[in-house]
Amino acid sequence: MSIEPAFFIGHGSPMNALEHNTLVQQWRTVVQGYRPKAILMISAHWYTQGAAVTAMANPRTIHDFYGFPEELHQVQYPAPGSPELASEIKTLLAPHPVELDLTWGLDHGAWSVLMHMFPNADIPVVQLSLDKDLSPAAHLELAKKLVPLRQQGVMIVASGNVVHNLRMLDWQSTRPPLWAEQFNQQIKEFLLTKNFDAIAQYQNSGEAARLSVPHPDHFLPLLYVLGSMVDGDEISLFNDEILYGALGMLSVQLLNKVPD
């Protein structure tokens, strides 16, 4: 039985949807040769009271940003949805309540990444929200219930940023500040030693964590990939850059090495 890989993508600016830089090229490279049955997407940009999952047949493309070129607002990612997968996710996550949502769609944290990974937009995509009422440790535990999806041909893709402080952006930065480098390095060490509980307790990393993660929304998606880890998974890191002093592009791949 093959197990689909899982990815956390440091998505950065929405403009990456239109770019052909080394970062987005790597997004394409890591999924070459894969065609999952469906994709479960967890984006930093759907942060809700309670949990919800998109359950419509044709999710809309949401342009949830402002101040960007009109060209970006015209981008569409018309991937189908999967009401059946949404219902299965609701069942898997029980007893935690999950609303079957018919209004959201795919926000830019989802489509700006997926349009590079799977540009044909022909694989069903379901998006799961981040329940703001849960602690990071509770998110990690909830994610463990999603393991059966990977075993059924569903790829889990989470999108956010390990370091994300828009107030501290420095467009002229040539090297990240020490706090950003320290926090990014600490998370990498925890990843490579599979110390996921420490990642879920990132707030304990002091001032570097406070500055790197002033709000949890961009960090929490990482926990959904880590929670879905199974025996035989190997962790690899890519796109390890910190842009503009406060925007970490670190990305994570779980790839199962157990023979079918």
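**View 1. Four aromatic pairs are counted in this predicted model.** Rings of Phe, Tyr and Trp (for Trp, the six-membered ring) pair if their centres lie within 6.5 Å; planes under 30 degrees apart count as stacked, over 60 as edge-to-face and the rest as tilted. Trp46 and Trp104 form a stacked pair, 5.4 Å centre to centre with 0° between the planes. Trp46 sits in strand β2 (residues 38-48) and Trp104 in the loop between β4 (98-101) and α4 (108-117), so the pair ties together parts that are 58 residues apart in sequence. Helices (H or I, at least four residues) and strands (E, at least two) are DSSP runs, numbered from the N terminus. Both Trp46 and Trp104 are buried. Buried means under 20% relative accessible area, exposed over 50%, and partly exposed in between (1.4 Å probe, protein chains only).

**View 2. Trp171 and Tyr244 form a tilted aromatic pair.** The ring centres of Trp171 and Tyr244 are 4.6 Å apart, with 55° between the planes. Trp171 lies in the loop between β6 (154-160) and α7 (178-192), and Tyr244 in the loop between β8 and β9 (247-248). The pair therefore ties together parts that are 73 residues apart in sequence. Trp171 is exposed, at 59% relative accessible area. Tyr244 is partly exposed, at 33%.

**View 3. Phe183, Tyr202 and Phe219 form one aromatic cluster.** A pair of aromatic rings is described by the distance of the centres and the angle of the planes.

**View 4. Arg150 is buried in helix α6 (residues 147-151).** Its relative accessibility is 0%. The side chain of Arg150 reaches the backbone oxygen of Glu4 at 2.7 Å. A polar contact of 2.7 Å also joins the side chains of Arg150 and Asp233. A polar contact is a pair of N or O atoms within 3.5 Å; within protein, one must be able to donate a hydrogen and the other to accept it, and residues adjacent in sequence count only if both atoms are side-chain atoms. Beyond four places in sequence, Arg150 touches residues including Ser2, Ile3, Pro5, Ile156, Met229 and Leu254. Contact means heavy atoms within 4.5 Å.

**View 5. Asn239 is buried in the loop between β7 (233-238) and β8 (242-243).** Its relative accessible area is 11%. A polar side-chain atom of Asn239 lies 3.1 Å from the backbone oxygen of Leu23. Leaving aside neighbours within four places in sequence, Asn239 contacts Thr22, Leu23, Gln26, Trp27, Met249, Leu250 and Ser251.

**Notes.** Residues are numbered from 1 along each chain as its sequence is written, and side-chain values use heavy atoms, leaving out hydrogens and water. In this predicted model, local features need pLDDT of at least 70, side-chain atom pairs count only at pLDDT 80 or more, and totals for chains, interfaces and linings use all residues.
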